[in-house]
Amino acid sequence: MTEGNAIHSSIGDNIIVCRDVHKWFDDFHVLRGISLTVERQEVVVICGPSGSGKSTFIRTINRLEEHQRGDIIVDGIELTHDIRNIEAIRREVGMVFQQFNLFPHLPVLQNITLAPIWARKWPKDKAEEVAMQLLERVGIPEQAHKYPGQLSGGQQQRVAIARALAMQPKIMLFDEPTSALDPEMITEVLDVMRELAYSGMTMIVVTHEMGFAKEVANRIVFFDEGNIVEQDTPEEFFKNPKEERTKLFLSQILTH
Amino acid sequence: MSTVSTTVVRPPSPPGPVRWLKKNLFSTWYNTLLTVLAAVVVFFVLRGVLTWVLFTANWAPVTNSLKLFAVGQYPPDQLWRVGTILFMVSFLFGLSWRVWGGTVRTFALTLAIVLGVLSVLPISMSLTLRLGFLANPVLTFIGYQVGRTPIGKSLWVVLGWLLSFVLTIILLTGVEGANWLPRVETGLWGGLLLTFLLALVGIVASFPIGVLLALGRQSSLPVLKAFCIAFIEIVRGVPLVTILFMASIILPLFLPEEVRVDRVLRAMMGMTLFAAAYMAENIRGGLQAIPLGQVEAAKAVGLDGFQIMLFIVLPQALRLVIPAIVGQFIALFMDTTLAVIVGLMELLAVGRAVLEINVEWKLLNMEVYIFIAAVFWIFNYAMSYASRHLEMALGVGER
């Protein structure tokens with residue numbers, strides 16, 4: 001069986017297929033053969049110690065990082081050097097960053113409408129209408145005309161989620177979305193993410209919020225040193241971790 | 001419970017003038033000593049300067065040559081063209097004031113007041129000229145009123161300014177063979193008019209070229225990148241005088257006889273390219289200060305490279321380097337005095353020429369140079385003032 005056949009036979013309802021993905025930063029081998037498939041409407045939580053490659057991995061899915069070996073197929077499109085391919089995939093994949101990365105020179109509403117207007121070619125009215133609906137959904141419609149710098153961290157991150165959703169993506173990637181937030185603001189962001197998961201969005205979430213993982217995830221994937229050490233349902237993962245490395249990690253984060 | 005919440009705690013009220021003086025000027029014995037010493041120095045300097053300006057100095061070379069200082073040897077019977085340009089500017093300032101408000105108001109008012117005062121100044125001046133000056137504040141007022149109508153939109157104002165720029169060039173040069181608008185050789189342009197034109201063209205043209213060079217320098221295309229680096233480093237490595245020389249003396253030697261580029265235009269091109277190289281480096285500084293996360297976020301929502309540059313990176317980068325860019329505009333404005341090297345009669349050159357007009361004026365160079373310095377200072381200060389307010393206006397919501 002050729003590699004190409006293997007890829008196609010495994011797509012089915014899998015919206016993301018990664019096979020033997022490798023990446024190096026200079027000589028540092030950061031991803032050492034990651035194979036992971038994600039089904040439509042699945043919520044996958046990725047956890048692991050820092051430096052284990054989990055952020056790098058989800059950044060390869062929308063080509064913010066380039067992988068050097070292996071295949072990544074997103075919604076039937078294989079990621080190659082072709083820039084139009086990459087832009088097509090990025091329009092279908094929303095991303096939320098640890099540091100929010102809102103555009104500080106634009107008001108909230110324009111942060112959200114910019115991409116629909118220019119990348120989706122929507123008329124301004126439609127884009128603004130959708131943006132206002134999304135701001136309602138994340139609970140801050142009254143902040144539409146403020147600048148990002150005038151909002152709290154939690155509000156900024158909710159705007160960032162609305163900005164990603166405005167492109168009506170099929171997949172949402174979250175790269176440690178609550179790690180830069182003060183404790184009392186984490187809940188408001190997790191609430192939005194929880195609602196999004198229940199609405200049927202396909203999500204890959206890199207996070208240390210184990211409560212969220214237990215409650216929302218269909219599957220938890222544990223990364224260490226560029227490998228997937230273990231993956232399982234939340235119940236099994238927390239109750240019966242099989243690998244020593246996983247047990248050590250869980251004992252460290254659950255007892256602090 | 002309500003008793004707690006009703007008590008509003010206010011910040012301490014600011015100190016009165018007496019306490020302010022005591023705190024800032026007379027807090028310790030040495031502070032008091034410095035205050036007194038400074039006051040004495042300021043008093044004597046001010047008295048000396050004012051006495052000289054008002055009584056000792058002989059301003060005859062300035063007051064008798066205002067036309068030369070303003071427009072050089074531009075034909076007197078064609079001066080209405082310069083007047084028309086001034087009318088356009090006054091009108092547009094009024095319009096911009098109504099539409100944009102803020103700092104533009106200060107500029108519109110200052111211009112209107114200065115020109116209004118000029119019209120009643122007790123120096124020898126024709127009645128037509130006086131009326132011409134007086135018309136400017138009126139036009140500013142009309143422009144302001146027009147700004148209330150549907151024309152008062154930013155787009156129209158910007159178009160108006162661009163159009164006025166084109167009209168200015170056409171009005172000043174004239175049309176070949178037209179009786180009502182005969183050609184005026186650029187050699188006759190001079191004074192503040194020429195200084196303004198050199199600076200304005202340099203500023204307007206060097207900015208986009210600088211942006212393109214800065215982007216080119218960061219490009220991933222090796223040939224483009226090498227060209228931009230070579231251009232920037234070569235131009236930055238030679239003095240402006242050299243470039244002006246090359247543009248006006250050496251360049252024509254290489255060009256065929258038919259391709260005669262006008263002398264003023266050549267100086268403008270030289271200054272523009274010179275300024276663009278420095279502009280590129282300033283803008284590159286701004287580009288490098290934009291966090292990578294901004295570009296990643298823009299990529300992640302599906303914007304293409306051009307859109308990311310236009311909507312995300314450049315607006316933020318340019319805002320960061322406004323002070324540096326304005327500093328460069330000011331330098332460019334003063335560098336126009338170097339055009340005298342290639343025989344152009346800009347403001348400073350007019351000043352030197354004026355001293356030669358009359359034997360009695362020969363020793364009055366102090367008055368002439370101080371006048372020229374004052375003129376430069378006024379316009380440079382205006383630019384610096386505008387830059388500060390622009391920064392504040394654009395800084396909205398920044399962390």
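Among the contacts in chain B of this predicted model that link residues at least 6 apart in sequence, 72% join residues at least 24 apart. Chain B contains 18 helices and one strand, and its C-alpha atoms fill a box of roughly 90 × 65 × 50 Å when taken along the principal axes. Of the 399 residues in chain B, 37% count as buried.

**A buried glutamine in chain B**

One residue of chain B that can be followed in detail is Q328(B), which is found in helix α16, spanning residues 322–335 of that chain. Is Q328(B) buried or exposed? With a relative accessibility of 12%, Q328(B) counts as buried, because the value falls under the 20% that marks the limit for buried residues. When neighbours within four places in sequence are left aside, Q328(B) is in contact with A275(B), Y278(B), M279(B) and N282(B). Another pair puts the position of Q328(B) in context: its C-alpha atom and that of S164(B), which is 164 residues away along the chain, are separated by 24 Å.

**Salt bridges**

| Salt bridge | N to O separation |
|---|---|
| D13(A) and R40(A) | 3.5 Å |
| E236(A) and K242(A) | 3.9 Å |
| E281(B) and R284(B) | 3.0 Å |

The salt bridge between D13(A) and R40(A) ties together parts of chain A that are 27 residues apart in sequence, because D13(A) lies in the loop between α1 (3–11) and β1 (14–25), whereas R40(A) lies in the loop between β2 (28–39) and β3 (43–47). D13(A) is partly exposed at 46% relative accessibility, and R40(A) is also partly exposed, with a relative accessible area of 36%.

In the salt bridge between E236(A) and K242(A), the two partners fall into separate accessibility classes: E236(A) is partly exposed, with a relative accessible area of 33%, while K242(A) counts as exposed at 53%.

In chain B, the salt bridge between E281(B) and R284(B) lies within helix α13 (residues 263–288), where the two residues, being three residues apart, are separated by about one helical turn. E281(B) counts as buried at 14% relative accessibility, whereas R284(B) is partly exposed, with a relative accessible area of 21%. Both residues also belong to a network of salt bridges that links R217(B), E233(B), R236(B), E281(B) and R284(B).

**Helix α7 of chain A**

Helix α7 of chain A, which covers residues 183–198, has 16 residues and reaches 24 Å from its first C-alpha to its last, close to the 22 Å expected at 1.5 Å a residue. The buried residues of α7(A) are M185(A), I186(A), V189(A), L190(A), V192(A), M193(A), R194(A), L196(A) and A197(A). Which elements cover these buried residues of α7(A)? The cover includes the helices α5 (124–137), α6 (153–165) and α8 (210–216) as well as β3, β7 (171–175) and β8 (202–206), which belong to chain A. After α7(A) comes G200(A), whose phi is positive, near 100 degrees.

**The second largest pocket**

Rolling a probe the size of a water molecule over the atoms shows where empty space is left. In this model, the second largest pocket holds about 730 Å³ of space. Of the 25 residues that line this pocket, those closest to its centre are S220(B), V295(B), K299(B), G305(B) and M309(B). The elements that give two or more residues to the lining come from both chains, namely α3 (83–92) of chain A together with α14 (292–300) and α15 (305–320) of chain B. What is the make-up of the lining of the second largest pocket by class? The lining has 13 nonpolar, five polar and seven charged residues.

Terms used
Residues numbered from 1 in each chain as written. Chains lettered and ligands numbered in written order. Predicted model: local features only at pLDDT ≥ 70, side-chain atom pairs only at ≥ 80, totals over all residues. Heavy atoms only, no water. 1 Å grid on protein atoms, 1.4 Å probe; cavity = no way out; pocket = protein on both sides within 12 Å on 5 of 7 lines; lining within 4 Å. Points joined across faces, edges and corners; volume = space filled by probe spheres on them. Helix = DSSP H or I, 4+ residues; strand = E, 2+ residues; numbered from the N terminus. Nonpolar A, V, L, I, M, F, W, Y, C, P; charged D, E, K, R; others polar. Buried < 20%, exposed > 50% of the residue type's maximum accessible area, 1.4 Å probe, protein only. Contact = heavy atoms within 4.5 Å. Salt bridge = Lys/Arg side-chain N within 4 Å of Asp/Glu carboxyl O. Expected span 1.5 Å × (residues − 1).
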